[in-house]
Amino acid sequence: MKVVALVSGGKDSCYAMMKCIQYGHQIVALANLLPADDSVDELDSYMYQTVGHQIIVNYAECMGVPLFRRRIQGSTRHQKLSYQTTPGDEVEDMFLLLNEVKKQIPSVTAVSSGAIASDYQRLRVESVCSRLGLVSLAYLWRQDQSLLLQEMIANEILAITVKVAAMGLDPAKHLGKEIAFLKPYLHKLKDLYGINVCGEGGEYETLTLDCTLFHNARIVLDEFQVVLHSSDSIAPVGVLHPLKFHLERKVSSSLSGNDKTNDLCGENMTSVFEVQGENPQEHRALCESVLEVTDLVEVSSNRLHLSKTEKDSTFSICCWLQDPSEPSAGLQEDLKLILRQIELLLLGCGFGWEHVLYIHLYISDMNQFTLANETYVRFITQDKCPFGVPSRSTIELPLIQAGLGRAYIEVLVANDQSKRVLHVQSISCWAPSCIGPYSQATLHKEILHMAGQLGLDPPTMTLSGGGTTAELEQALQNSEAIAKCFNCSISTSAILFVVYCSTNIPLDERPKIHDKLDTFVKQIKLSHLDEGSKPEVLDPIFLYVLVPDLPKSALVEVKPILYVPETTDTTEETLHDLSGIMAPSYHGFRPADWHDSCIQKCVIHGKICAVVLSITSAVALKVCSDSMNADWSNGNHQNSLTEGQMKRISGFCIYLLDKIVIENDFSWKDTTSLRFYFAPNLHVPLETLSGLFTDAFKELDQMSGTAKVGGKPIFNLVPVLGSGRSAACTEDIITCELFARKS
């Protein structure tokens with residue numbers, strides 16, 4: 001990509017440019033914001049570093065690329081973390097600056113910044129990029145600061161301190177010093193006082209005088225003045241004001257790695273452009289109102305289906321189209337109908353998209369993913385979700401084969417605004433970016449819902465080479481990077497791993513998947529022990545789902561759900577039953593020792609109950625022993641299950657789930673999601689299957705009164721190619737996934 005680099009003059013923005021070139025991008029322009037008054041060194045701004053701005057004008061000549069500059073007219077008006085367009089805010093100066101760069105160099109598609117740890121700065125850069133249709137590149141984001149500082153020095157960045165404002169840093173002693181010289185002292189201050197060695201806490205700021213990007217010349221600072229802003233005895237604040245400097249020509253002027261033709265003519269390659277202009281009225285073309293998509297074709301009520309769990313505080317809504325006799329109008333039309341129906345149901349409950357925590361987007365053809373996304377972003381926008389957009393997983397399912405429409409959506413909704421959303425749109429070395437209205441993870445009431453993770457290499461956003469296990473390892477690394485942002489780990493905090501496996505995985509690689517996952521998690525656990533930490537460790541459960549395709553034709557997608565306790569001393573995880581409570585018997589089912597072989601569960605007493613129940617052919621044979629051929633136990637499924645047999649199996653599923661729920665002191669009202677995965681090749685119509693599970697719930701309620709549910713089903717039927725507790729064996733007849741939590 002052709003990149004315009006935001007430069008403050010500091011070491012971070014320069015090293016970010018070097019990383020851009022390392023990953024194959026081209027720096028074609030620089031962009032800088034400076035004070036309106038040249039005599040002012042520093043502004044009162046959380047957004048911009050301006051100390052040393054008098055020297056930045058020389059960067060164009062040093063690098064051989066044009067520099068666009070704008071004097072900051074705005075101030076900090078929008079102080080919330082997540083930025084919304086605000087006239088007169090200093091962020092609008094960045095918008096005008098980059099908008100002008102885009103006009104002058106139309107081929108620019110990305111913006112580089114040196115953000116390391118500041119969400120405040122990153123979110124504002126991402127907001128501007130989103131409005132301009134540009135990609136944010138933040139290759140230093142969330143990298144280890146000690147390693148970054150060492151890398152900068154090793155890569156020959158010559159940067160000096162131009163501001164100090166921390167305990168142990170003295171303006172008279174430490175201003176104007178090179179970072180290579182100060183490195184040992186900065187690490188000493190880190191050990192003593194906990195400072196950020198890269199200055200991310202405002203401890204110090206730097207100015208780059210030379211680096212490998214400066215092909216034509218280096219800057220020599222001849223004379224400067226120390227200006228004391230605060231004489232505090234503990235942490236004095238001072239800045240360096242340059243008085244005299246000059247350029248020193250380099251012998252070689254090769255444009256290594258950045259010698260491609262620029263859009264601007266040759267004589268302007270080292271020019272400096274001053275960007276003027278007032279803040280225009282914001283153009284909202286990309287944020288279409290839902291009013292534009294409400295004029296939809298009427299759909300018959302018997303074709304549109306809904307399910308909803310009964311929990312008041314956190315519940316699931318699922319919507320799909322069903323009627324094979326009525327041809328679909330296409331993916332986009334089906335998706336519009338479903339999204340609109342969910343939106344109306346949310347409104348009827350007094351909620352909106354801002355209350356949604358997570359979205360499962362199931363589509364019939366991954367080749368139409370772009371079309372699906374175009375429709376999705378018309379309904380779910382950042383403007384409608386001021387507290388953060390939902391996390392999401394997108395999966396291709398055999399919807400048409402199951403007699404459904406081309407789209408199927410499930411949303412997880414909360415009745416409050418206490419969620420904490422991690423949404424990083426910048427491409428970085430940290431974890432894959434989420435460019436658009438979906439986030440990496442959402443934390444709500446101690447449950448971390450993570451977006452489906454592919455095996456994408458974060459800085460290049462391409463799938464890892466090396467096959468299935470390589471992709472899986474990268475997906476797990478990405479999951480761990482996200483978990484660390486919430487001070488947890490997938491090795492100790494995971495409740496459930498759902499692993500979607502593409503049918504493109506060779507058969508001989510499928511047995512390796514669970515072994516790789518297990519090995520990876522164990523290695524992370526050992527690393528925590530090596531670091532001296534002994535966190536509470538959950539025993540997670542695993543569900544493998546075989547699907548036709550995944551985004552980017554990935555082979556695997558990992559979706560972890562984690563438990564993140566608000567206080568570390570209250571975690572009480574149990575995997576045993578409360579033996580004093582007896583579950584009722586019905587359908588003729590009674591407790592048996594072999595039932596445990598069907599069940600995986602992770603129970604956090606008084607808080608969470610997660611269950612995966614696998615009905616294999618061997619289990620089905622035991623359940624329906626009076627009416628099934630023994631060939632089923634050997635995987636010979638040539639004969640379809642009868643409706644009577646499926647009635648028996650569905651009743652057994654509800655019986656066993658009810659037993660687990662009751663024995664662990666939960667109720668069906670605590671259910672936030674309940675999915676029944678089934679394969680269309682069972683030749684049991686979805687409508688029939690839905691009726692059987694509905695009848696099973698009704699019978700349970702009649703016999704025990706424990707399953708009082710409303711008019712809509714509380715479960716979702718999810719058609720898949722296969723499912724099971726191992727990627728090597730995804731031949732369950734039915735797999736049940738239940739998640740319940742106490743309020």
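**View 1. Asp210, Arg218, Glu248 and Lys250 are joined in a network of salt bridges.** A salt bridge here is a side-chain nitrogen of Lys or Arg within 4 Å of a carboxyl oxygen of Asp or Glu. This is a predicted model, in which local features need pLDDT of at least 70, side-chain atom pairs count only at pLDDT 80 or more, and totals for chains, interfaces and linings use all residues. Residues are numbered from 1 along each chain as its sequence is written, and side-chain values use heavy atoms, with hydrogens and water left out. Asp210 counts as buried at 13% relative accessibility, whereas Arg218, at 28%, counts as partly exposed. (Buried means under 20% relative accessible area, exposed over 50%, and partly exposed in between, with a 1.4 Å probe and protein chains only.)

**View 2. Arg70 and Asp93 form a salt bridge.** Their side chains meet at 2.9 Å, N to O. Arg70 lies in strand β3 (residues 67-71) and Asp93 in helix α4, so this pair ties together parts that are 23 residues apart in sequence. Helices (H or I, at least four residues) and strands (E, at least two) are DSSP runs, numbered from the N terminus. Are Arg70 and Asp93 buried or exposed? Both are buried.

**View 3. Lys11 and Asp12 pair up through their side chains.** Their salt bridge spans 3.2 Å, N to O. Lys11 is buried, with a relative accessible area of 2%, and Asp12 counts as buried at 13%. In total, the structure holds 24 salt bridges.

**View 4. Helix α4 (residues 91-104) meets helix α5 (residues 119-132).** Their axes come within 10 Å and cross at roughly 40 degrees. Axes are lines fitted to C-alpha atoms, for helices over the stretch in contact, and angles run from 0 to 180 degrees between N-to-C directions. The two helices are therefore oblique to each other. (Angles under 35 degrees count as roughly parallel, over 145 as roughly antiparallel, 65 to 115 as roughly perpendicular, and the rest as oblique.)

**View 5. Met167, Leu192, Tyr193 and Ile234 make a nonpolar patch on the surface.** Together they have about 400 Å² of accessible area, computed by the Shrake-Rupley method with a 1.4 Å probe; for residues, only the protein chains shown count as cover. Patches are made of residues with over 30% relative accessible area and no salt bridge; like charges are joined within 9 Å, and nonpolar side chains (Val, Leu, Ile, Met, Phe, Trp, Tyr) within 5 Å. Tyr193 lies in helix α8 (residues 179-193) and counts as partly exposed at 43% relative accessibility.
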